[in-house]
Amino acid sequence: MPWYYVLPAIVFLLTFTFFPVGLTIYLAFTDYAGIRNGQLNVSTTTDVVAVDGTRVTIADAANLNCADLRNGCTDVRAEVYSFELLLVDALAYEDGVLTLAAPLPRGREARETELFLPDLGFAFSTEIAEIDGERVVLTRAPPFPPQLEGVAFQMADGVARTIVRDDGAVLELNEPLPEGFEATAIARYNDYGFIGWRNFRTILVAAERSLVPVFVWNITFAVATILINTVAGVFLAVLLNNPDLKFRNLYRTLLIIPWALPNIITIQVWRGFLNENFGAINRVLMLFDVTPEPINWLGTVGAAKAAILIVNLWLGLPFMMTAVLGALSAIPRELYEAAKIDGATPLQSFWGVTAPLLRTAMIPITLTGFAFNFNNFNLIFLLTDGGPPIAGGTATARGTDILISWAYNEAFRSQGGFAYGLGSAISILIFVITVAVSLVNFRVTGALKEVRNT
Amino acid sequence: MKRPDPRAWLWMALVLLGTFGGAWALLANLPAETVRDRFIVVPNGWAYVFGAFFLAIAGIAVSAYFYGRATRPGKAGAYALTAGTHLFIWGVIVATFYPVVYLLSVSFNRNDTLAGALPREGDLFVRAGVFPNPADVSTIQYQKVLEQTNILGYQWGLVAVLLVAMVAIVAVRGVARWWHVPAHRVDAWTRTLGWAIFLSAAILVVSITPEQFYGVNAAGERTPASSEKAIVLYIRNTLLVSGTTGLFAVLIATTAGYAFARMKFEGRYGTLLSFVFVQMFPGFMALVAIYWLMVQLDLLNTFTGLILAYSGGAIAFSAWIFKGYLESVSPALEESAMVDGATRWGAFYRIILPVSIPMLLFIFLLQFIGTYSEFILANTLLQGQENWTVGMGLRNFTTGRFDTQWGALAASAVLGSIPILLIFYSFQDALTSQTTAGGVKG
């Protein structure tokens, strides 16, 4: 039995690839999140003063709910988005009305606010229904810790109880605590559970503001960048494929440099080059009077998208050039000689000989490139960070966010409220699309056939 | 065949004179620069520069044509095309290298800020801030990012071995080219020196610890290194993670690739299919689940956790590539060994492994380079500053007030790029040709 040759590999694959994939599917149907992370919320710990049958008296009733966050429900930091990010201090929140420390600057059309609760370490986005000076009316109330009625809790020995009545300092349980169990303290347990299709419904309800624009830009970006890189790569490779060209190997070696540098570094350096006021790119463009005024590369959506395509051309051209050169080297020289003897111009021999023969080789290259760029998190996250925010968008799906960075924002950043479940739901959408692209790629390259035959 | 035309020499000279005179006249008559929005602007400068560039292309192409007429008339058109091609490619090279050269010169510049006033002296490019002022050349940025790095005595020894071995490899190969040394001796030297480089680098990476990064305050007490001055630690962390992931993947994937290539067994098709699919998907798609898993295993913020998170994709990819390679190796050798009484494992261990070493090195390098540039999993799973990777360390510069740390960022970026740059150009042919082939084949 040769299984032991394969077994170690399979064990790791099962544990760290297939299991997470399955888990992602499960988590997509839960409300697993930063505030519901399956951990004890230590900051809500309060002492138990007395236990009398089902009645548990706690020292600090308020400690378990909103009224006694470190500074009460006041001192919430709010980020108000209009066309740019403003940081405004909010003084208090009550009954759906947020009171700001100062009115918003004139002419700001705030569309969305984000409440950040430092004590809970989570944020919450909602729409703004109305602004009246310092008063900001929200469309829905932020999920401050709930009152405890109906909350089940678990004790150290694993026995579960439910709070049937929350009477301030006195909690009424459904049954008495077990004999000999000495309750000393109580804390909120941030439980999470199965919520069915709710995450997907959330995505669909807000689709117009997040899913649709993000998806459209994701596809546009992947197609456009492959198109641009392919055209440029083919052009350069055809020039370099000329056997009479001296120094062609030197040129190849020189032009390959962006590939030889780690993109995790170069992308971040490009961020500096694209700085509006001091970046090298704007200085060059201004020096030669290419643009009448400096371009706000990272601050306006159109320019940020252009910047992404430009930087990805710089990053991806060496690979494309090398790939096309590899494909070109498979075309027999005699064909060109024959074309020349027939009196073809270089342009004619390109369209008559090179292009048709190149096409079959280019399909897998472009498909692989598409699949790679479709999920090119590094580029988007490190260059524009998904920004800038757009009017009418959400805090997690901004001007240049692609699906994977949107999922990341939902799951791992305060704007998204660490909504792991929602992030997983978006990941599943990405899975489906990537599988589709890969299947097409497999069909074209015959990789599956290769698996079956050998 | 047309006859060479001596008059073409005259035409060539005329065209050259005309175009270069024209280009020079264009550039010499640039409009005076003005200041707009704190930028130096040469009004319509693009028209002059493009004009001069295309004039030069046209001029060189036309004079090459006449050169051809004067020497080999049939080739005149080809000459013109070739000359134009060269000039165009040089244009692309300048555009490609501008960011690289600019970054290098910023890292060797005294000014740490992008926002400083533009110099009034120097040539146009310097005054416009298109290049850093050469008058401010300095190594202060490197000193700054390295000042809290405390390398121990024996580690300096390892660094010395590393550098000497690198120089020696270049020297050996250079000498061999001049003196016709037999190839096998050059290879033997290269292999020995390569091992010296690998081992000294590996020991260096393992032996450097976060405790070696500290500053000393006025009272003579040690203070923890500040986050922008620990780039060496971040490089070390990244090398450690990438190296271990690469070694691990090769170790686990070798036997699997061998089994897929040489054996028929139940479930082979299904397993292979799953390998193909896994290596197509970036591991970070199951990011949340991996995060959850690492929380449960108590491996959050550890290199072990990160390496395990990388392992699935790395193993599938390596096994798939190795299987492809073995299928191109004739099974005759092993079969004859097995006829002579070797076991399956013996044949694998004694016959297949030795001949596969270059391929395994290649798989290791691919994995290593790929892992070096991974960001999202590292950023999610690693939290403490002492565990940051290069990408996270640099991001620390760009997410804060960027313009205040530009010089230090550039120096860190250069230092962080060196390992991959050296590896890439050392193995350029293998990495470029095989990557494309691998990408196409899946």
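Author: Helices, of at least four residues, and strands, of at least two, are DSSP runs numbered from the N terminus. The model discussed here is predicted.

Reader: How many helices and strands does the secondary structure of chain B come to?

Author: The count rests on DSSP runs, with helices of at least four residues and strands of at least two. For chain B, this gives 17 helices and four strands.

Reader: What radius of gyration does chain B have, beside that of a compact globule of 442 residues?

Author: The C-alpha trace of chain B spans about 80 × 80 × 45 Å along its principal axes. A compact globule of 442 residues would have a radius of gyration near 22 Å. For chain B, the value is 29 Å.

Reader: Which helix of chain A gives the largest share of the side that touches chain B?

Author: In this interface, 79 residues of chain A are in contact with 94 residues of chain B. The side belonging to chain A has 53 nonpolar, 20 polar and six charged residues. Its largest share, 15 residues, comes from helix H1 (residues 3–27) of chain A.

Reader: Which residues of chain A are in contact with B:Ile315?

Author: B:Ile315 is among the residues with the most contacts inside the largest nonpolar core, which has 182 residues. Helix H8 (residues 231–262) of chain B provides the largest share of this core, 16 residues. Leaving aside neighbours within four places in sequence, B:Ile315 is in contact with B:Ala249, B:Ile252 and B:Ala253, and, in chain A, with A:Ala9, A:Phe12 and A:Leu13.

Methods
Residues numbered from 1 in each chain as written. Chains lettered and ligands numbered in written order. Predicted model: local features only at pLDDT ≥ 70, side-chain atom pairs only at ≥ 80, totals over all residues. Contact = placed C-beta atoms within 7 Å. Nonpolar A, V, L, I, M, F, W, Y, C, P; charged D, E, K, R; others polar. Rg over C-alpha atoms; globule rule 2.2 N^0.38 Å. Core = buried A, V, L, I, M, F, W, Y, C linked by C-beta atoms within 7 Å. Buried ≥ 20, exposed ≤ 12 C-beta atoms within 10 Å, placed from the backbone.
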